[in-house]
Amino acid sequence: MSARLSDNLKKIWARAAGTAAAAVAFGSLYFFVRQYFKDGLWRFDLSILNKSLGTAALFLVALSMFLTGAAYFSGPSKRPLAFRKYYGLAGFWTAAVHAAVNHFALPAAGLHPERKIDALTTDLPALAGLVILGAMALLSSSRAKGRLGGEAWRKTLRYGGYAALLLVLAHTVLLKGASWIKYFRTFDPVLPSLSLPVAAFAAAAVVLRLAVWAAQARKK
Ligand code: HEM
């Protein structure tokens with residue numbers, strides 16, 4: 001690998017890691033302030049960090065998928081595609097930390113996540129999505145590309161990515177759907193859960209991908 005290429009790669013990695021850190025920091029601040037409006041409490045604990053990890057993971061995975069559509073409709077520049085893989089990897093690692101905090105750290109701290117329906121229903125799609133994202137992280141290397149062949153490799157990552165995004169979106173809707181409906185009915189607390197705009201962005205990434213398919217089908 002030439003020195004220039006590796007410098008570029010370092011910059012792309014730094015940008016993806018920086019975006020992940022900024023998303024977790026923004027989410028933590030947002031959930032901290034929202035808790036004050038919701039429960040009248042200024043308190044930062046692990047459950048706030050856990051919510052922001054989950055929301056940041058959904059944002060990063062959706063951003064990675066969104067860039068495919070953005071690259072298709074934004075003309076000849078293939079720059080957005082260079083970032084896609086690294087935002088996806090950052091999303092996977094952020095989601096893995098979120099799952100570990102849920103499973104190990106919250107119970108160890110005597111805290112419980114908010115759940116309106118049973119854990120199996122909400123966590124099974126999340127676990128399936130996380131496993132697919134992990135498999136995609138393993139497959140994303142150039143060695144795996146060489147073994148599978150370019151076309152099969154691209155298709156596997158494409159369909160895997162959308163399956164994972166739909167599964168984690170289902171996890172979020174099952175967990176937070178009731179809170180979003182309540183928000184639109186009462187506007188109380190004044191700030192909605194951050195998962196609401198982030199899930200809307202994830203849904204937009206899926207719609208954008210469908211628009212790419214429709215545009216490609218028209219060209220044939
Ligand atoms: C085994 C894997 C996972 C488990 C067990 C799990 C579990 C949970 C639980 C229990 C909550 C509720 C937290 C609370 O309200 O206090 C939650 C929230 C959330 N999770 Fe996960 N999750 C997993 C994977 C994922 C993945 C892969 C993503 C996205 C890529 C994700 C995104 C979210 C989001 C967006 C929230 C909503 C945060 C909020 O607004 O409160 N989760 N998760």
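**Close-up views of helix packing and the ligand shell**

**View 1. Helix H3 crosses helix H4 in a left-handed sense.** A crossing is left-handed if the near helix is turned anticlockwise from the far one by less than a right angle, and right-handed if clockwise. The model is predicted: local features need pLDDT of at least 70, side-chain atom pairs count only at pLDDT 80 or more, and totals for chains, interfaces and linings use all residues. Residue numbers start from 1 along each chain as its sequence is written. Helices (H or I, at least four residues) and strands (E, at least two) are DSSP runs, numbered from the N terminus. The axes of H3 and H4 lie 10 Å apart, at an angle of about 140°. H3 is therefore oblique to H4. Axes are lines fitted to C-alpha atoms, for helices over the stretch in contact, and angles run from 0 to 180 degrees between N-to-C directions; those under 35 degrees count as roughly parallel, over 145 as roughly antiparallel, 65 to 115 as roughly perpendicular and the rest as oblique.

**View 2. Residues in the contact of H3 with H4.** H3 contributes Gly 88, Leu 89, Gly 91, Phe 92, Ala 95, Ala 96 and Ala 99, and H4 contributes Leu 130, Leu 133, Gly 134, Met 136 and Ala 137. Two residues are in contact if their C-beta atoms, placed from the backbone, lie within 7 Å. The contact has 9 nonpolar, 3 polar and no charged residues. Ala, Val, Leu, Ile, Met, Phe, Trp, Tyr, Cys and Pro count as nonpolar, Asp, Glu, Lys and Arg as charged, and the others, Gly among them, as polar.

**View 3. Packing of H6 against helix H7 (residues 195–219).** The two axes come within 9 Å and cross at roughly 140°, so H6 is oblique to H7. The crossing of H6 with H7 is left-handed. Contact residues of H6 include Tyr 162, Leu 165 and Trp 180, and those of H7 include Ser 195, Ala 199 and Arg 209. By class, this contact has 12 nonpolar, 2 polar and 2 charged residues.

**View 4. The shell around the ligand.** Of the 29 residues around the ligand, Gly 54, Ala 95, Pro 113, Ala 126 and Ser 195 come nearest; a residue is near a molecule or strand if its C-beta atom, placed from the backbone, lies within 6 Å of it. Helices H2 (46–73), H3 (79–108), H4 (119–139) and H6 (150–186) each supply at least two shell residues. H2 provides the largest share, 8 residues. The shell divides into 12 nonpolar, 12 polar and 5 charged residues.
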